[in-house]
Amino acid sequence: MPTVQVTRRESFNAAHRLHNPKKSDEWNRATFGKCNSPNYHGHNYVLEVTVEGTPDPDTGYVIDLAYLKQLMHEHVIDRVDHRNLNTDVTFLQGILPSTENFAVAIWQELAPRIEGGRLVKVRLQETEKNSVEYYGA
Ligand code: NI
């Protein structure tokens, strides 16, 4: 049986600040630069979620992309869009909201909820030039 990967892409925007409260202000400024600005800054994020599986014989789908879209909205997008990632998002509580940590947290929200295929990749783009990929390791 063929194994196929399918991807859904969604976008949202959110504010954050990179700041490690266990470190000094000086360390934070030196490490994170502008991303440590006290009053937060925003990004236009692009989230791509890839699911792998065998096409269903009746539908030809690995996963219904409308269903994947709904999962992404319910468990991620609707909870982060137009929010402050440091203060407003329960699944990021206590997590430094770097793109890396954010991608891992998104994986943890989605992986147990996906039926019909298995989550194989979360790609999160923070800017045109910066993105991360997480494969669940
Ligand atoms: Ni940033």
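## Nickel site and salt-bridge network

His16 and His43 are both buried (under 20% relative accessible area; exposed is over 50% and partly exposed lies in between, with a 1.4 Å probe and protein chains only). The model is predicted: local features need pLDDT of at least 70, side-chain atom pairs count only at pLDDT 80 or more, and totals for chains, interfaces and linings use all residues. Residues are numbered from 1 along each chain as its sequence is written, and side-chain values use heavy atoms, with hydrogens and water left out.

**The metal site.** Which protein atoms are the donors of the nickel ion? They are NE2 of His16, NE2 of His41 and NE2 of His43, lying 2.0 Å from the ion. A donor is an N, O or S atom within 2.8 Å of the metal (3.2 Å for Na, K and Ca); water is not among the atoms, so a site may look incomplete. Along the chain, the nickel donors follow the spacing H-x24-H-x1-H. His16 belongs to strand β1 (residues 4-16) and His43 to strand β2 (residues 41-53), so that this pair, 27 residues apart, links distant parts of the chain. Helices (H or I, at least four residues) and strands (E, at least two) are DSSP runs, numbered from the N terminus.

**Salt bridges.** The model has 8 salt bridges, each a side-chain nitrogen of Lys or Arg within 4 Å of a carboxyl oxygen of Asp or Glu. One of them joins Arg9 to Glu48, with an N to O distance of 2.7 Å. Arg9 is in strand β1 and Glu48 in strand β2; the two are 39 residues apart, and the pair links distant parts of the chain.

Glu48 also forms a salt bridge with Arg123, where the closest N and O atoms are 3.6 Å apart. This second pair again connects distant parts of the chain, from Glu48 in strand β2 to Arg123 in strand β4 (residues 118-125), 75 residues apart.

Lys121 pairs with Glu133, the closest N and O atoms being 3.8 Å apart. A network of salt bridges links Arg9, Glu48, Lys121, Arg123 and Glu133. The table gives the accessibility of some network members.

| Residue | Relative accessible area | Class |
|---|---|---|
| Arg9 | 51% | exposed |
| Glu48 | 16% | buried |
| Arg123 | 17% | buried |
| Glu133 | 40% | partly exposed |

**The chain as a whole.** The protein chain contains 3 helices and 5 strands, arranged along the sequence in the pattern β-α-β-α-β-α-β-β. Its C-alpha trace spans about 60 × 25 × 25 Å along the principal axes. How much of the protein chain counts as buried? The figure is 40% of the 137 residues. Among contacts (heavy atoms within 4.5 Å) with a separation of 6 or more, 68% are between residues 24 or more positions apart.
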